[in-house]
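Let me put the model up, and we'll go through a few spots together.

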Amino acid sequence: YFLPYIKYVFYDAQIAAMHITNQQSGLLLTIYTIGNVLLYIPGGILADRIAPKKALVYSLWATSILCFAYAFTFNFYVALLIWLGLSFSTAFVFWASLMKAVRIVGTEEEQGFMYGIYYACNGISGAVVQAIALYIYGTTDDIVAGFFRAVLVGGCFIAVAGFLIMLLMKTEQNKDRDAASEFKMSAVGELLKNPIVWIFSFIIFCGYGVFTSTSYFTPYLTVTLGISPSESGVFAVIRNYLFLLLAPLGGIIADKVFNSTAKYLALAFLILAGCFWGVLVLPTGISPLFVSIYTLIPGALAMMLYGVVFSIISEAGISRMLTGTAIGIASIIGYLPDSIYHSVFGDWLDRYGSGPGYNMIFTFLSISCIAGCLLSLIIYWRNRRAGERRFEAR
């Protein structure tokens with residue numbers, strides 16, 4: 001994911017290197033997002049028909065090649081094709097295969113921990129690569145040359161990741177062939193008609209929506225409480241990077257304490273709803289430092305929740321053979337907050353002002369958490385009844 005979102009770190013450098021406008025910069029990400037939405041389901045189907053190792057290696061190498069192609073062109077029209085190509089190399093079969101691989105390497109009893117470890121390592125490695133790229137970027141005073149070097153760094157790391165998976169990831173070829181031969185296209189229709197798949201999808205929608213929306217605490221602290229941008233930025237770094245280390249802790253709690261991701265998510269959603277509601281009832285005149293520290297609590301809980309949300313797929317009764325397809329369906333719905341929430345929240349802030357606007361945002365997020373809690377309970381109760389029926393049958 002280095003290249004599609006490269007403007008998040010190198011915004012001005014990308015515009016200068018390509019000689020493009022802000023609108024054209026945004027259009028690249030729009031093309032990428034549209035491509036992702038169209039490819040999630042077919043990519044998920046393909047992920048269930050081929051070995052995850054093969055899908056991951058070829059996808060990573062394709063992404064690396066696109067990085068190098070971009071670095072040596074920096075042409076807007078070529079970049080449009082490259083960003084569309086990135087949809088194929090990072091969202092098509094790669095995403096579903098990645099989530100499926102995380103599920104496969106762990107037992108059904110440690111799914112929460114496996115997904116938690118994935119998100120923690122994802123965040124740490126991403127931060128390291130970005131830091132190295134920024135350092136290389138700063139080795140020259142020429143903004144275009146620095147950006148060129150940063151893109152090459154990203155491409156090299158992606159290529160290395162492909163080689164590491166090729167060397168280290170085991171392939172159970174017989175099982176892969178059996179799964180491919182057993183997979184039927186009719187299973188896609190069955191999944192789409194299965195209400196549990198849709199419940200699973202909207203649990204991800206609620207979890208990801210809350211997780212990504214904790215970023216609004218940053219402007220909330222500066223605009224509403226008058227905290228300086230630099231001080232608010234410190235708390236943002238803690239929420240966005242340091243708290244990634246809490247994802248495995250959420251997995252351990254789900255696996256070892258609750259013995260159920262669904263049960264854990266229901267309680268986590270409920271507590272998180274209370275945290276967002278708590279922001280609304282904080283007394284006026286309270287210390288800005290206290291409020292800043294308080295906002296770290298929902299940030300931590302959101303990370304511990306989102307870091308394990310995909311592991312609920314094992315409790316939803318979806319077979320490993322259909323994991324990729326189910327994740328493809330769920331990803332279309334689950335990541336819709338990126339294209340909905342920010343526009344809606346921005347409109348509220350523009351129309352009603354910062355005070356009422358943030359109250360509406362945090363109220364909405366609290367209601368979203370309650371919805372996520374109820375949906376998780378449906379999965380938990382269904383799974384529990386199924387277990388009781390199996391016990392009675394014995």
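So, cavities: the count here is one of 30 Å³ or more. A cavity is a set of points on a 1 Å grid over the protein atoms alone where a 1.4 Å probe fits but cannot get out; points are joined across faces, edges and corners, and the volume is the space filled by probe spheres set on them. Bear in mind that this is a predicted model, where local features need pLDDT of at least 70, side-chain atom pairs count only at pLDDT 80 or more, and totals for chains, interfaces and linings use all residues. Numbering runs from 1 along each chain as its sequence is written, and side-chain values use heavy atoms, with hydrogens and water left out.

The largest cavity has a volume of about 30 Å³. Its lining residues, meaning those with an atom within 4 Å of a point, include Tyr5, Lys7, Gln14 and Trp83. H1 and H2 each give two or more residues to that lining, and H2 gives the most, with three. Helices, by the way, are DSSP runs of H or I, at least four residues, numbered from the N terminus.

Now H1, residues 7-18. Its end C-alpha atoms are only 12 Å apart, short of the 16 Å a straight helix would reach at 1.5 Å a residue; that expected span is 1.5 Å times one less than the number of residues. Lys7 and Gln14 are among its buried residues, buried being under 20% relative accessible area with a 1.4 Å probe, protein chains only. Just after H1, His19 takes a positive phi of about 55 degrees.

Notes
Buried < 20%, exposed > 50% of the residue type's maximum accessible area, 1.4 Å probe, protein only. 1 Å grid on protein atoms, 1.4 Å probe; cavity = no way out; pocket = protein on both sides within 12 Å on 5 of 7 lines; lining within 4 Å.
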